[in-house]
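Visitor: I have a structure open and would like to learn how to read it. Could you walk me through some features?

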Amino acid sequence: MAAVQIDSVLIKNTSLTEEQVELLLNQTSATGTPMRDLLTRKDGMTPDEILGDLAAQLGIAYLKDIPVNDINADLVRDIAIGFAKKHEALPLKEDGYSVQVLVTNPLNTRILDDLRVIFNKRIVPVMTSKTRILDAINKVYEKSTAGLGGLDGIEDDDLDFDDQIIDLLEAGDDDAPVIKLVNTLLFRAVKEKASDIHIEPYERDMAVRFRIDGVLFDIFKPAKKLQNSITSRIKVMANLNIAEKRLPQDGRIPLKLGGKDIDVRLSTVPTAFGERIVMRLQDRSNVVLQLEQLGFSESSLDALREDLLKRSYGIMLVTGPTGSGKSTTLYACLSRINNSELNILTVEDPVEQRIHGIGQVQVNSKIGLTFAAGLRSFLRQDPDVIMVGEIRDLETAELAVQASLTGHLVFSTLHTNDAAGAFPRLIDFGCEPFLIATSIQGVISQRLVRILCPHCKQPHVATDVDLASLGLTREQVRGATMYKAIGCDQCNGKGYLGRTNIQELLLVTDEIRSMIMQRRDGGAIKKKAIELGMKTFRDHGIEKVLKGITTVEEVLSNTQIDL
């Protein structure tokens, strides 16, 4: 359709004025920017209003809800995903005479002609928005490669490998099957929100498992003869030495998937049957969560917001096992206090989330940039707040204590099983007890429990065994509704969807300081903290069970009875 026709369509069917349309046409001509992109930038205009009216005037349908699950994966078999994304075209359905194709620009007749040649049928364009069609392309092509079979006949010698992966969705028809297999595994892991991918070789076979919401699930069992090819492909992507199979190696794979930046941390270790690979996935595009979104109890939130985060010096520690959300909690704390009046510096391994206004340093042990080295240099950078990714040794611990005692607020993490265990742990490093007692202001210890799927959870009457396990009576749970996990399509039959934290917050009072200086063990310190009002993991877990957030089984498996 000529520009003058689009001109009349827009003036007649939208709220744009003649001057606005003329300006848009001039911009399109001068910059080459597609008309649809300029249209959707207009203040006060919704993309659906503009594009829907334009489609109606052109005599074609406009689709807001794309039935992705109804699109036959075989329909896209002959179209490379790179072509589909570049030209924003996706086959929707076909009959004996025609094929309906989703497009964002129905006036691009060259693409429609190409599709007519491919399908040898009449092409019926259907308009939709750019964001919707790209999301649909991702989902349809993932479904078309979800079946990971069909590779048993491949010989290792027939495989070739690229030097790098820029975008998983740009794979073409010429890519080697093992490249497609690895890409698909990564794609599926991101789609299912897996935190880790395990590739495990055994004597006669191998297994691929995903960790989803803290639990490992079997995903796929590739043929044993593909083991070397899969391992080599992954190591090439991480720029590791593929000839070295006797020593552990660590690396990183930066990926782009559907517009998201995914950081993959890779670890390989040699076993009796080959190299075992674990990949940890981190979505760098995630928005930093607020403290209120992390599942803290009201009492812990109040203590954080009104006390610990308002202090001008001291150390606040977050402890817990690997993958328990410690870094997420620290980022939420930093985001809470981040403002133009404070100089906030962090040293991390790796920098998982970037926060505007905060100086973030990446650890690089190969050149001597360790946590301790970064922390030492920070003291000359006039900081107000310092975050150390992890206290791993005596040097880092002593520097953190020194920084806190010279008027800085320090945040860091430590690997301990509970909050009270942080003090004996630091003493084991070699820190002086009186320095620990003076500098540490509070310790948060946390773990993650799975959240019940809201689509399928069902009310459940707790058994006497359940109540006894939690230390509750029938009277205490009267009026509360407890639920059990069922499983549905929304949660892939797991019964759970996402995770939340349960935590204990130990505030260092005069009584606790006295016990630290006496080198009392963690159990004694914990007992005193409970007497002073600290809620334990079990207490917080019970709260979430009674609120219908999680199940008795989840709380019991992640906590132990506090003696």
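Guide: Let's start with C431, which is buried, at a relative accessible area of 5%. Keep in mind that this is a predicted model.

Visitor: And C491, is that one buried or exposed?

Guide: Buried: the relative accessible area of C491 is 2%.

Visitor: How many disulfides are there?

Guide: The general idea is that a disulfide covalently joins the sulfur atoms of two cysteines. Here the count is zero. Take C491: the closest cysteine sulfur, in C488, is 3.8 Å from its own, which is too far for a bond, because the cut-off is 2.5 Å.

Visitor: What about the aromatic rings?

Guide: A search of the whole structure for aromatic pairs gives zero. Rings do turn up with charges, though. R450 places its charged end over the ring of Y496, 4.1 Å from the centre. K494 does likewise with the ring of F217, at 4.8 Å from the centre.

Visitor: I noticed E504. Where does E504 lie?

Guide: In strand β18, which spans residues 496-507. E504 is buried, with a relative accessible area of 0%.

Visitor: What does the side chain of E504 reach?

Guide: The backbone nitrogen of F537, at 3.4 Å. Leaving out residues up to four places away in sequence, E504 touches D418, A419, V443, I444, S445, K526, M534, K535, T536 and F537.

Visitor: Let's zoom out. How many helices and strands are there in the protein?

Guide: There are 20 helices and 18 strands. Of the 563 residues in the protein, 48% are buried.

Visitor: And what share of the contacts with a separation of 6 or more comes from residues 24 or more positions apart?

Guide: That share is 63%.

Conventions:
Residues are numbered from 1 along each chain as its sequence is written. This is a predicted model: local features need pLDDT of at least 70, side-chain atom pairs count only at pLDDT 80 or more; totals for chains, interfaces and linings use all residues. Side-chain values use heavy atoms; hydrogens and water are left out. Buried means under 20% relative accessible area, exposed over 50%, partly exposed in between (1.4 Å probe, protein chains only). Rings of Phe, Tyr and Trp (its six-membered ring) pair if their centres lie within 6.5 Å; planes under 30 degrees apart count as stacked, over 60 as edge-to-face and the rest as tilted. A charge sits over a ring if NZ of Lys or CZ of Arg is within 6 Å of the ring centre and within 35 degrees of the ring normal. Helices (H or I, at least four residues) and strands (E, at least two) are DSSP runs, numbered from the N terminus. A polar contact is a pair of N or O atoms within 3.5 Å; within protein, one must be able to donate a hydrogen and the other to accept it, and residues adjacent in sequence count only if both atoms are side-chain atoms. Contact means heavy atoms within 4.5 Å.
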